[in-house]
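Reader: I am new to this structure. Please take a close look at a single part of it, and then connect that part to the rest of the chain.

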Amino acid sequence: MKETLLAPHKFLSRLLSAFVLGAGLWGALLCLSVSSKTVIADDAQGSVSAQPPPSNVGPLIGLIQKGSLPEARLPGVVKVVCERGNEHDLAVVFQEVVRDEHWNDSLRTDTLNWLFEASTSRKVKPVGELDALSTLIGSTVDAKLQVRAIKLAGQWKVAAVADKLEVMIASPETAETLREAAVDAVVALGGAAAQRAIDTMLKPTQPTSVRFRGVAALASINLKQAVSAATTVLKSASSEDDPAPLMQALLQQKGGADLFATGLEADPPEGEVALLLLRQMYALGRNDASLDKVLSRLAGVNDIPPKPDEAGIRTLAARAEAEGDAVRGEAVFRRADLACMKCHAVSKAGGIIGPDLSAVGASSPVDYLVKSILDPDAQKKEEYITRIIIDADGVQTIGIVENRTADKITLKTADGKHVSIATADIEVEAEGSSLMPEGLVRFMTERELLDVVKFLSQLGKPGTDYAIRSTQRMQRWRTLQNSLERFQGEVPNEELFGDLVLNSTDWQPVYARTNGDLPLADAAGRSKQRVLFVQGEINVTRGGAIVVHVDDPTGLNLWIESTSVDLAGSRSMTVEPGRHRITLRVDTKLRETPTLKLVVDKAADSSAEFTVVDGP
């Protein structure tokens, strides 16, 4: 049969038609069965290569350059180009991203993330000059876009951004998320700029949190110096400080746990700080023997108790049923030092690393729950066995396999991160144990253990406060850390709300109780502020009018995206398909109750279809 080739304009037209009609991107390409060469921009100025190299995504590049794609289809096309394209294809995408007011900030942020993935998993980055990233880092763009640009600058080693990053690190006005990204990027760039930034962060005059970041940055450059700096900083730390960045960085390095244990043995911190470090080690899913031994001794914590036999497990289960208190047990389960919510979801809110526990009480006998806590390795399922990976730089990552391809492996770690490692960079891979480390019961009294088992045994049981929820009730929230002091006394106008609240990068996860009550004390976290900002999300699949119900409107202001909603009125608003953030300003001094509950419903005769967004 004679094969007929389409003219270029007809080819693109038919490709676009097939894609828009829903045949699917690769289905459209396969149906057309036409090979193509890429028309690409070969450098930062956009000059066109006379003889471009072969491309897997040539037709898609043409569509992007022409600007002829419907807005709804553009993200899917760009993502495929980033996943499949060569360095010249990525150069076209990069030039589109850095063009001011060309693509919306959401697509630009996603595209930078896809470019980052291409660099880490396929070792491909755009050809030509990449200094244009500096315009995104230094502008007043969306903060999430700024963070992605900073991370990409470190990954691509764009030296031109070093000065801006140093200024961001040194400024007390820089949001913590931006500072963290800037530190990582400067360290990746290396050289004098990295050393200056680390030296600045490690100064005794800096807050302990900043000094912890300095230790973390130093760990990837010189592990011995980092351990020495860590023991010095920990001398002046208190139980109110969060050593997560320090611990994670030191334990990530090959041999880091043993070296840190030796350093702490020679120059120990106070007992309360040692207990903080021990809890953080467990929160990271680690129980390194040498470090565990030193920290346990310094903190005055008993050794891991022996595993009970079957008779002992049955006895504890019976006592939990008879003596345990589910309300107290939920409070223990939610404690930050145990980190249960980082791994497990309850009422579909919480971590997605371990099993969802929303219905565990209705499906599992109590003795099974007891054994799962006391001997997690004995009860682990295949999909929750960890992998230990050491890459070419000696960085050790432990987590659950989320995805594996020929190019990369992606792990879900105990702290909720998704870490991708290129297959070519893997030096060692081995099977680990359960991500829930043995010995967590050392941080609980016997009474607390019985209460936790009782709580778990009630989850999912109909007719109780722990039943599976049946309404669109907000369970997964975010709380804004350290909002501006002026917002303690005034409600931000639309412009300030959009710039300094809605688009802030300093949102941290917080979860409602099983019955939907959000403890405002949990939302306050370390900010210690009277007025809080909390935020949930809904995913609208069909537009229409919705109504927001709150248990008590006293002391509340509410926005859906950037539009204020009158809580004294109908509380109704029409929403279009897509994700929408619901943000509340909560003046805790004006509220009589220490909790907040929010439910979203359809307005009367509304055609809206939506769900609240759950997860971590």
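**A serine and its surroundings**

Author: Serine 347 counts as buried, because its relative accessibility is 6% (buried means under 20% relative accessible area, exposed over 50%, partly exposed in between, with a 1.4 Å probe and protein chains only). The model is predicted, so local features need pLDDT of at least 70 and side-chain atom pairs count only at pLDDT 80 or more, while totals for chains, interfaces and linings use all residues. Residues are numbered from 1 along each chain as its sequence is written, and side-chain values use heavy atoms, with hydrogens and water left out.

Serine 347 sits in the loop between β1 (345-346) and β2 (349-350). Helices (H or I, at least four residues) and strands (E, at least two) are DSSP runs, numbered from the N terminus. Although serine 347 is not a glycine, its phi is positive, at about 55°. Lysine 123 also has a positive phi without being a glycine, near 60°; lysine 123 is found in the loop between α6 (105-121) and α7 (133-138).

Helix α17 covers residues 289-299, and its buried residues include Leu291, Val294, Leu295 and Leu298. The buried residues of α17 pack against α14 (244-252), α15 (256-266) and α16.

Rings of Phe, Tyr and Trp (its six-membered ring) pair if their centres lie within 6.5 Å; planes under 30 degrees apart count as stacked, over 60 as edge-to-face and the rest as tilted. The count of aromatic pairs is six. One of them joins tyrosine 282 and phenylalanine 443 edge-to-face, with 5.5 Å centre to centre and 90° between the planes. This pair links distant parts of the chain, 161 residues apart: tyrosine 282 belongs to helix α16 (residues 271-283), and phenylalanine 443 to the loop between β7 (426-434) and α24 (446-458). Tyrosine 282 is buried, at a relative accessible area of 3%, and phenylalanine 443 is buried at 7%.

A tilted pair is formed by phenylalanine 333 and phenylalanine 455, with 5.4 Å centre to centre and 55° between the planes. Phenylalanine 333 in helix α19 (residues 326-333) and phenylalanine 455 in helix α24 are 122 residues apart, so this pair too links distant parts of the chain. Both phenylalanine 333 and phenylalanine 455 are buried. Together with Tyr466 they form one aromatic cluster.

Glutamine 488 lies in another loop, between β8 (476-480) and α25 (494-502). With a relative accessibility of 10%, glutamine 488 is buried. Neighbours within four places in sequence aside, glutamine 488 is in contact with Ser483, Gln529, Arg530, Val531 and Arg585 (contact means heavy atoms within 4.5 Å).

Now the whole chain. Among contacts between residues at least 6 apart in sequence, 71% join residues at least 24 apart. Of the 616 residues, 52% count as buried. The C-alpha trace spans about 80 × 65 × 60 Å along its principal axes. The secondary structure comes to 26 helices and 19 strands. The radius of gyration is 26 Å, close to the 25 Å that the globule rule gives for 616 residues, so the chain is as compact as a globular protein of that length (the radius is taken over C-alpha atoms, and the rule is 2.2 Å times the number of residues to the power 0.38).
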